[in-house]
Amino acid sequence: MSTLSVDKLSIKVGERHLCNRLTLTLNPAERWAILGANGSGKTTLLHTMTGLLPLTEGSVELDGHPITTIARRAVAQRLGLLLQDSHDPFPVTVLESVLSGRHPHLERWSQEGEEDLAIARQALAAMALDEMEGRMVQTLSGGERRRLAIATLLTQDPALMLLDEPLNHLDLRHQQQLLQRLKRLGDEGKGVMMVLHDPNLALRYCDRALLLYGDGSWESGSCQELLTTERLSRLYGYPIRQLMEGSGRIFIPEE
Amino acid sequence: MKSLPLFTLLSLLAILAMLVALMAGSVAISPAELAAILAGEGDGIGREIVLQLRLPRALAAFAVGGLLALAGVQMQVLLGNPLADPYVLGISGGAAVGALLALLAGAATLIVNGAALAGALGSMLLVFGLAHGSGAWSPSRLLLTGVVIASGWGALISFLLAVAPQHNLPGMLFWLMGDLSHADQATPALLILLLGLLITQPQARNLNLLARGELQASVLGVTVTPLRLQLYLIASLLTATAVTIGGSIGFVGLVVPHMLRLLIGSDHRRLIPASLLFGGTLLLLADTLARSLIAPQQLPVGVLTALVGVPLFLYLLQRGYRQ
């Protein structure tokens, strides 16, 4: 079990403060949603939390050690990040691509074994790509490539998963199936943090939320308490109202 | 194709090309004579030709082809661009300016080689320094810097050709087109080729990841910065060695990695050794043709690599990627 702690982290891009003294901890079995307008710093925050960007102020610690001092391979064994976009300039097959998720678990000279293959195939099946393992990645559709990137993260199988807009390019059914799977992974003990653009999905599938207002201010807390029409209207700079549906709430933008 | 038959096939092709290279030329040597010579027998002249002239040149051709193909694989991954070749960052341009200056001064082969090496390494340091300047070292910045420096070398080369006296021009043009007729020392090139392989092969799986972008590689556990530095230095060293021996032989470094990607896929654990073997074989064949087609006159080998490579590549492109 791993934890990722962010303490008094400030991120500046140029003269703009994206977040000011942000403090939060991603624990096992927690499901976080990050919500915020375009350009509010969601991706920059995830990259900083993964140690891909240098820190200027504050700290990010994985299991008590500053993330930038841990070897990348050791980070990758525990912490995964689904990037917003993937690109493959060179021809690779779907199976080769998804097997790259095993990289941090393999010694330098070892080859992927039966077990790695089984994990990779299971991940492909989970993303409904099991018929396509011999296809070239370049021939896949946008949604299929997105599912392949997610399957690669599942193959990596880290204790903590950060996902940058995992629902991009996915159709309605695959969106729901993915969120259900991520919810289950949280129930099984994984720490999951994802950037979402729909507060309703955050409410349904996540326990905790981080709101990034884009001016350096932020709020975090349980989804039920934090997600209100006032906050969301401020967050997106657009009036949002709430409907009641049974015991649940649905947010919709004003017309 | 599985790895064992693949590498058996590639090795057999290399050996076959080597035997052809030893037999073909202005003085034809029959297989029986060759067998006798290799067994340590045979008459004086044939023995002299094979062991003193053809064998060193054939080995040098193989080494240069291997160096260029290996450097091509590394440059393509380093720059994240399938169109990159070993010369894209200006190393061959720098070498050419050095060599042409030496040729203009009427220097001996050894000095020309030294000047080419100095030009190549100088260009490599220049590009590295400029691209590294402000600390940011993105593939696109490196590529742009290299391409611009290469254009600068191109202008200098044209200038040197324009002002060169008539009698110096053929030698200079041969150098530019790539020419192995002065390649009589294979050992240094073979050693550097071996060194390049030994340093690159352990990184093969890391290269698979780096080929999919710096961020993805880093996320999956690759320490990107030192790996990219290593790729730059080793690819530059391999290229500098190749151009010092053979001039700017085109095509091999760009197209051999591609041909093999079409044939065996992009897994660098196989692609690196396969490129080395196939690049070496291709250049060896091209050089054999270059010196036997209109023997005793010799053609610049760079012309032949393209003549052999273009149809082969187009055929593979038509055929499409392996399924």
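How many nonpolar, polar and charged residues does the lining of the second largest pocket have? I counted by class 15 nonpolar, eleven polar and eight charged residues, where Ala, Val, Leu, Ile, Met, Phe, Trp, Tyr, Cys and Pro count as nonpolar, Asp, Glu, Lys and Arg as charged, and the others, Gly among them, as polar.

Before going on I noted that this is a predicted model, in which local features need pLDDT of at least 70 and side-chain atom pairs count only at pLDDT 80 or more, while totals for chains, interfaces and linings use all residues. Residues are numbered from 1 along each chain as its sequence is written, chains are lettered from A and ligands numbered from 1 in the order in which they are written, and side-chain values use heavy atoms, with hydrogens and water left out.

**Second largest pocket**

I used the term pocket for an open set of points on a 1 Å grid over the protein atoms alone, where a 1.4 Å probe fits, with protein on both sides within 12 Å along at least five of seven lines; lining residues have an atom within 4 Å of a point. The volume, taken as the space filled by probe spheres set on the points, is about 540 Å³ for the second largest pocket. Of its 34 lining residues, the closest to the centre are Leu83(A), His87(A), Arg212(B), Gly213(B) and Gln216(B). The largest share of this lining, seven residues, comes from α5(A); helices (H or I, at least four residues) and strands (E, at least two) are DSSP runs, numbered from the N terminus.

**Largest pocket**

I then looked up the largest pocket, which has a volume of about 870 Å³. It is lined by 35 residues, and those closest to its centre are Glu96(A), Leu99(A), Glu112(A), Asp267(B) and Arg269(B). α3(A) gives the most to this lining, with four residues, and the lining divides into twelve nonpolar, eleven polar and twelve charged residues.

**Strand β3 of chain A**

I found that six of the six residues of β3(A), residues 31-36, are buried, that is, under 20% relative accessible area with a 1.4 Å probe and protein chains only. Arg31(A), Ala33(A) and Leu35(A) lie on one side, and Trp32(A), Ile34(A) and Gly36(A) on the other. Trp32(A) stands opposite Met193(A) in β8(A), and its bridge partner in β9(A) is Arg208(A).

Conventions: Buried means under 20% relative accessible area, exposed over 50%, partly exposed in between (1.4 Å probe, protein chains only). Two strands pair if DSSP finds at least two bridges between them.
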